[in-house]
Amino acid sequence: MSAKLNALNSDSYTDVSQYRDQHFKGNRYDQEKLLKQSNTLYVGNLSFYTTEEQVHELFSKSGDVKRIIIGLDKVKKTACGFCFVEYYMRGDAEHAMRFVNGTRLDDRIIRTDWDAGFKEGRQHGRGKSGGQVRDEYRQDYDPARGGYGKLASQIPAAEQRNTF
Amino acid sequence: MSRRRHSDENDGGQAHKRRRTSEPIEIEDRLESLICRVGEKSTSSLESNLEGLAGVLEADLPNYKNKILRILCSVARLLPEKLTVYTTLVGLLNARNYNFGGEFVEAMIRQLKETLKNNLYNEAVYLIRFLSDLVNCHVIAAPSMVAMFENFISVTQEEDVPQVRSDWFVYVVLSSLPWVGKELYEKKDVEMDRLLSQVEGYLKRRVKTHVPMLQVWTAEKPHPQEEYLDCLWSQIQKLKKDRWQERHILRPYIAFDSVLCEALQHNLPPFTPPGHMPDAQYPMPQVVFRMFDYTDAPEGPVMPGSHSVERFVIEENLHCIIKTHWKERKSCAAQLLSYPGKNKIPLNYHIVEVIFGELFQLPAPPHLDVMYTTLLIELCKLQPGSLPQVLAQATEMMYMRLDTMNTTCIDRLINWFSHHLSNFQFRWSWDDWSDCLSVDLDKPKPKFVKEVLEKSMRLSYHQRMVDIVPPTFSALIPAEPIFIYKYMAESASSLPGYPVSITVGNAIKNRASNEEIMSILKDVPNPNQEDDDDEGETFNPLKIDVFLQTLLHLAAKSFSHSFSALAKFHEILKALTESDEGKLHMLKVVYEAWRNHPQMIAVLVDKMIRTQIVDCAAVANWLFSQDMAHEFTRLFIWEILHSTIRKMNKHVQKIQVELEEAKDKLEKQQHKRLGLVHQQKDSGDEEDMEKNSEDEDGQLEEQIDRLQEKVESAQSEQKNLFLVIFQRFIMLLTEHLVRCETGSVDISTAWYKSCIERLQEIFLMHHVTIHQYMGTLENLLFTAELDPHILAVYQQFCALQL
């Protein structure tokens with residue numbers, strides 16, 4: 001019977017992104033393999049106030065969720081705006097990439113990406129101040145993510161214009 | 001370290017592919033791309049693109065004929081929304097190369113046979129439609145097409161076949177007529193008339209028991225929810241009356257008429273429909289979903305009538321576009337919005353109607369529910385000035401018709417609407433719905449609003465719900481989802497379990513061992529026992545109450561905390577719930593403590609099933625228990641029940657897969673052994689080797705026996721679960737019916753409608769599994785003695801398969 005056509009099989013929403021975890025323990029080949037088989041998604045751009053319950057409700061729409069690990073500020077141990085969502089079945093994670101990624105949770109457009117798998121320690125932000133790296137250098141004011149970025153908030157307002 | 005550097009250079013597996021592609025593969029990809037993309041937005045006209053492509057393909061025929069045949073057969077099967085574009089292309093190729101035309105027709109017939117053999121009936125429809133449009137392109141001779149249709153219709157004369165079989169053959173003929181009716185009538189009107197009168201006779205004697213189970217609304221007004229073949233027949237009748245003048249379908253071949261009519265036509269080989277096989281899975285019947293008519297689009301083009309063939313073609317094409325592009329919501333939305341001929345129809349209305357039609361389809365939507373939510377959001381983004389208004393109009397309409405809407409469809413509407421609102425800051429004109437405040441809270445409208453707010457709260461938080469609705473709606477706002485700890489309530493100190501609750505609470509906080517905690521719990525008096533006989537662990541509801549309430553209270557902070565608690569004290573919990581009564585009581589305690597947080601109840605029940613603290617039958621019994629009667633019509637109850645059934649089903653499937661894999665492994669091993677024995681006949685090791693592999697075989701055989709037992713036991717549990725559920729339904733419904741009868745009261749209360757539709761829902765949502773147990777169900781439960789109202793549901797369900 002006639003084969004499937006490559007031109008018609010586009011499923012770009014489930015493609016792996018350019019991001020690679022620099023702290024991944026293993027070689028590039030292992031990482032690619034794990035990403036392609038993964039049932040776990042990284043979820044970013046969450047509000048600091050978004051709860052596990054909200055994440056569970058939204059991500060359950062694409063299938064049964066096995067567990068959710070809320071990302072924590074390494075110092076404060078409070079939510080710092082990301083989480084991991086692990087599904088029982090990869091197919092359900094793929095549906096989340098197609099239909100939950102890029103939609104809103106807690107009024108914010110969230111972003112999902114394949115993750116090689118949760119390991120103890122990965123629930124902590126890797127920014128110098130304890131939160132996520134992105135919140136170190138952010139210039140804008142985001143009330144749901146602690147206000148100004150860490151660097152920006154350390155420099156008095158009057159001098160901010162003169163930096164850089 | 002050095003290995004990592006090397007692999008980094010390689011950059012995964014992609015590099016190899018890019019460098020070493022050989023020419024033929026490049027050309028084949030190019031051909032595929034050219035063919036798949038023809039008809040898309042272009043600076044040149046469609047006609048000139050087709051002309052150009054035909055030229056290119058003709059030139060490539062000597063070297064790539066088979067590839068081109070394969071691609072064209074594929075697009076015929078997979079891109080039905082572009083049917084006429086490709087039939088025109090084939091027509092042009094046939095005009096240039098008669099032999100190629102003949103080979104293509106043969107390839108299509110081969111493909112048709114394959115799809116029918118593989119139960120791919122929906123794709124077979126597209127193939128036959130393609131063939132029939134090839135008549136318009138002078139590739140296939142009309143009389144041979146008529147002959148094929150005659151063979152299809154003769155299936156209606158077959159005896160002892162499922163109705164869905166003959167339905168399909170009738171459908172395939174009728175649904176091709178919008179494209180080819182005119183041509184066939186011009187050439188063979190006598191035969192076509194005879195054909196259609198046979199169809200008419202069949203439709204008259206056809207059984208339609210299944211219809212009520214598939215209707216989204218039970219009301220006939222404003223739009224009757226018609227059986228799909230009846231609707232199509234009306235549409236074809238009207239088309240015939242209009243002398244087969246059909247003006248909606250895009251027909252590029254008309255522009256090429258002078259070229260095409262010079263071409264020689266081929267005759268379809270005589271095609272006998274394959275006979276009925278017992279494992280054939282014909283498509284289920286459907287009901288046509290209609291929510292709009294010409295009065296609904298305020299300005300602009302008029303919506304074609306419900307019995308116009310244009311309506312059929314538009315809906316078909318939109319469904320096909322969704323089927324092709326559902327995985328990529330941006331493309332899907334773009335393709336829907338660039339529908340050819342969109343200027344002559346109120347496209348936004350058609351799109352919204354088709355999308356909701358799919359979302360509400362019974363038994364199940366063709367695609368995942370959440371896909372439709374995000375598709376509608378994409379459409380709103382692309383048409384911000386018009387689509388949101390149509391969507392709001394649709395929502396308003398559906399709200400108004402809630403009284404007659406199927407309960408399952410209301411659930412889907414609740415989930416869609418709340419999720420949709422959460423993407424738009426929950427902005428809605430709630431005041432427009434204040435009529436729902438003046439009726440009982442158990443009526444469909446206030447119930448709907450209540451459930452929407454509950455779902456919306458899950459995606460946000462309680463105060464948000466208070467903020468978004470007018471103060472008059474306060475009775476509909478969900479409760480704050482907080483834990484209710486009875487041992488901290490007002491007069492808790494007088495409760496019998498109070499002292500131990502303090503002790504065990506402290507023990508947990510101080511990380512006492514399981515043994516210590518068990519010995520603390522021994523002090524809990526058992527209200528079920530008169531004397532102090534501690535004969536082991538008899539069911540002690542108070543023990544369960546004290547421990548679980550306290551544990552869940554300490555872990556109430558989040559799902560993760562609660563899951564950790566269940567995991568940490570799994571041993572104790574299992575000990576407490578060894579008996580069926582124990583399991584039931586555990587669920588009761590969870591509910592009492594978390595009754596303001598249905599979402600938490602659902603995830604806890606899920607965890608308890610997965611960790612085998614409770615079993616599926618216990619959950620079913622709990623949901624149907626008297627204690628839960630007041631919650632029976634709430635959405636979360638049914639979410640829990642269906643989730644429980646799904647877990648049961650997945651469990652059975654998993655073991656079945658393991659069993660199959662073990663059997664395969666044994667077979668492979670045995671084959672390998674035979675092979676080796678042949679090779680090394682003279683070796684002295686033969687005896688040892690045989691003994692080793694016999695041992696291996698023996699182990700596998702043991703494993704297979706164990707798995708076989710596991711499968712049987714799991715299936716028995718599964719059958720029991722359905723028996724429990726159906727029995728409970730029958731008891732509840734019979735009670736209601738008898739009570740109404742003796743009191744001479746109308747049976748049709750809101751509760752009754754909801755309950756009977758929930759029974760339907762069980763059948764519909766799990767029909768594949770239930771089908772295995774039909775015999776038992778019919779013998780034990782759905783017998784002739786049953787009240788006809790309840791039996792009707794069972795009969796409707798059976799009618800879906802016949």
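1. In this predicted model, the side chain of Asp167(B) makes a polar contact with the side chain of Tyr202(B) at 2.6 Å, where a polar contact is a pair of N or O atoms within 3.5 Å, and where, within protein, one atom must be able to donate a hydrogen and the other to accept it, residues adjacent in sequence counting only if both atoms are side-chain atoms. Asp167(B) belongs to helix H9 of chain B, which covers residues 163-174; helices (H or I, at least four residues) and strands (E, at least two) are DSSP runs, numbered from the N terminus. Apart from neighbours within four places in sequence, Asp167(B) is in contact with Tyr202(B), Arg206(B), Tyr228(B) and Leu229(B), contact meaning heavy atoms within 4.5 Å. Is Asp167(B) buried or exposed? Asp167(B) counts as buried because its relative accessible area is 2%, the classes being buried under 20%, exposed over 50% and partly exposed in between (1.4 Å probe, protein chains only).

2. On conventions, residues are numbered from 1 along each chain as its sequence is written, while chains are lettered from A and ligands numbered from 1 in the order in which they are written. Local features need pLDDT of at least 70 and side-chain atom pairs count only at pLDDT 80 or more, whereas totals for chains, interfaces and linings use all residues, and side-chain values use heavy atoms, with hydrogens and water left out.

3. A second residue of chain B to inspect is Asn526(B), which sits in the loop between helix H23 (514-521) and helix H24 (541-554). Asn526(B) has a relative accessibility of 12% and therefore counts as buried. A polar atom of its side chain lies 3.2 Å from the backbone oxygen of Phe539(B), and, with neighbours within four places in sequence left aside, Asn526(B) is in contact with Thr538(B), Phe539(B), Asn540(B) and Pro541(B).

4. Pro274(B) is likewise a loop residue, placed between helix H13 (257-260) and helix H14 (309-325) of chain B, and its relative accessible area of 37% is why Pro274(B) is classed as partly exposed. Residues up to four places away in sequence not being counted, Pro274(B) touches Leu116(B) and Arg165(B).

5. In chain A, Ile110(A) lies in the loop between strand E5 (108-109) and strand E6 (111-115), and with a relative accessible area of 1% Ile110(A) is buried. Beyond residues up to four places away in sequence, Ile110(A) touches a set of residues including Val43(A), Leu46(A), Leu58(A), Phe59(A), Val100(A) and Leu105(A). Ile110(A) and Glu94(A), 16 residues apart in sequence, are 16 Å apart from C-alpha to C-alpha.

6. Chain A as a whole has six helices and eight strands, which follow one another along the sequence as α-β-α-β-β-α-β-β-β-α-β-β-α-α. Its C-alpha atoms fill a box of roughly 70 × 35 × 30 Å along the principal axes, and 51% of its 164 residues count as buried. Among contacts in chain A between residues at least 6 apart in sequence, 62% join residues at least 24 apart.

7. How many residues of chain A are in contact with chain B? There are 38, and they are in contact with 49 residues of chain B. The area buried between the two chains, that is, the accessible area (1.4 Å probe) that two parts lose on being put together, summed over both, is about 4,100 Å², with 51% of it given by carbon and sulfur atoms.

8. Five salt bridges are found across this interface, a salt bridge being a side-chain nitrogen of Lys or Arg within 4 Å of a carboxyl oxygen of Asp or Glu. In one salt bridge, the side chains of Lys455(B) and Glu57(A) meet at 3.6 Å, N to O. The elements that give two or more residues to the side of chain A that touches chain B are H2 (52-59), E2 (65-72), H3 (90-99) and E4 (104-105) of chain A, and H2(A) gives the most, with six residues.

9. On confidence, the model scores ipTM 0.93 and pTM 0.93. Chain B has a mean pLDDT of 92, and 94% of its residues reach 70 or more, pLDDT being the predictor's confidence in each residue, from 0 to 100. Over residues 1-21 of chain B, however, the pLDDT is below 50, and this stretch has ten contacts in the model beyond near neighbours in sequence. Where pLDDT is low, the predicted coordinates should not be read in detail.
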